Amino acid sequence: MTIHNRTPSRGTSLAPTLAWLGGGIAVGILAGLAFIFFAADHVLPRPRGGDSVAGCSEHLADLANEVWRGYNQGHRADSLDDLRVRGTAMDLFRCPAAGNEHGHASAGGLATDYVYAPGIGEGDAIEPPLLFELPSNHGQTLFHVMPRDLTQPTEVRDSSQIHGHVQHLNDYLTAQRERGLAEKMREGR
Amino acid sequence: MLDKSQQTPLSLGILIGLAVTLAVYFGVVRPAPATQAAPTQQDGFAVSGTACMAIARAIETYESRHQRRPGRLADLVDAQLLRASALHDERRLADSPPTYKKRPMNDVVYFPSLRRFDAPDLILLCTLVLREGETHYHAVTNDGGYRTLSRAELITALNRTYTAIGKDIPWQKME
């Protein structure tokens with residue numbers, strides 16, 4: 001009777017097999033990491049999440065600084081289009097992190113993701129926003145407003161506060177405009 | 001060259017390593033972006049188009065009675081031209097009546113500084129948040145017309161409105 005005993009030979013071949021498998025896993029992990037670090041940012045679509053919108057916050061601050069620079073030079077921008085005419089880079093008017101979500105500007109308007117409220121000057125309250133962006137899309141009601149003292153854009157997530165910020169601005173501008181119109185009437189203009 | 005007994009575990013290992021790394025990245029580090037607007041609790045509160053039109057009618061009635069527009073939307077409620085609930089998203093009232101009193105802010109914004117002589121297409125009243133299932137914002141223009149606006153259209157209209165208001169405001173240099 002012949003007895004087949006292959007155990008010794010299997011034991012000797014398992015170790016190199018496992019070694020090749022382990023080496024392969026290491027190479028695969030390295031290849032995956034290489035893809036993530038070098039290709040993902042260029043090949044894959046940008047996520048639409050908190051990080052994306054946070055990019056708009058920094059961008060809003062850059063645009064606000066342009067407005068502020070004009071104020072310090074004695075020029076109030078009456079509109080964002082004024083800033084464009086004065087040479088502000090066009091890419092400052094669009095939030096790069098917003099992607100296509102914000103769409104294109106309607107006919108006749110500057111392509112921008114921001115709303116600018118001129119008319120706030122020295123001595124005015126800090127709270128009314130000088131610049132703001134609309135909240136992002138459904139399920140993401142993050143809203144950035146830039147106070148007139150240009151500290152940091154404020155993040156607002158509650159939709160009643162979003163409406164509240166803008167209503168506060170509108171009420172504030174109403175009083176300012178009433179004053180301006182009254183002055184014009186007095187001067188006979 | 002590797003023989004078959006070496007190639008097979010090496011290939012298998014590379015595939016396992018790649019799969020694990022990418023699964024961890026896409027599953028944990030970088031969640032897949034939402035492909036459509038999913039209704040969530042963060043969905044914004046805003047008044048409906050019907051409510052916008054009701055508010056616009058109340059403003060017109062107030063203006064015809066007082067020869068001026070209301071200074072704030074609450075004046076319409078005080079004048080009994082509008083119910084207070086019309087200024088709020090009906091879902092807010094339905095979902096959280098106990099907290100309603102803690103959130104008196106309206107779910108719509110109003111531009112009280114606009115006058116009749118201003119351009120007719122400026123924004124008199126609008127929502128700033130999209131309601132669940134809607135793609136356009138609600139707005140009432142200075143001539144009393146109701147419109148729905150895309151995001152880009154609303155931004156343009158708001159900028160035009162603020163520009164019109166701002167040109168009458170004497171400017172003071174900021175320090």
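**Notebook: chain A overall, then helix α2 of chain B**

I looked up the accessible surface of chain A (Shrake-Rupley method, 1.4 Å probe). The value is about 9900 Å², and 56% of that belongs to carbon and sulfur atoms.

I noted the ground rules. This is a predicted model, where local features need pLDDT of at least 70, side-chain atom pairs count only at pLDDT 80 or more, and totals for chains, interfaces and linings use all residues. Residues are numbered from 1 along each chain as its sequence is written, and side-chain values use heavy atoms, without hydrogens and water.

Next, I checked the elements of chain A. Helices (H or I, at least four residues) and strands (E, at least two) are DSSP runs, numbered from the N terminus. Chain A has five helices and four strands. Their order from the N terminus is α-α-α-α-β-β-β-β-α. Of its 189 residues, 44% count as buried. Buried means under 20% relative accessible area, with a 1.4 Å probe and protein chains only.

Then I turned to α2 of chain B, residues 49-66. This helix has 18 residues and reaches 26 Å from its first C-alpha to its last. The expected span is 1.5 Å times one less than the number of residues. Its buried residues include B:C52, B:I55 and B:Y62. B:Q67 follows the helix, with a positive phi near 60 degrees.

Last, I searched for disulfides (cysteine sulfur atoms within 2.5 Å). The whole structure has zero.

Definitions and conventions:
Chains are lettered from A and ligands numbered from 1 in the order in which they are written. Buried means under 20% relative accessible area, exposed over 50%, partly exposed in between (1.4 Å probe, protein chains only).
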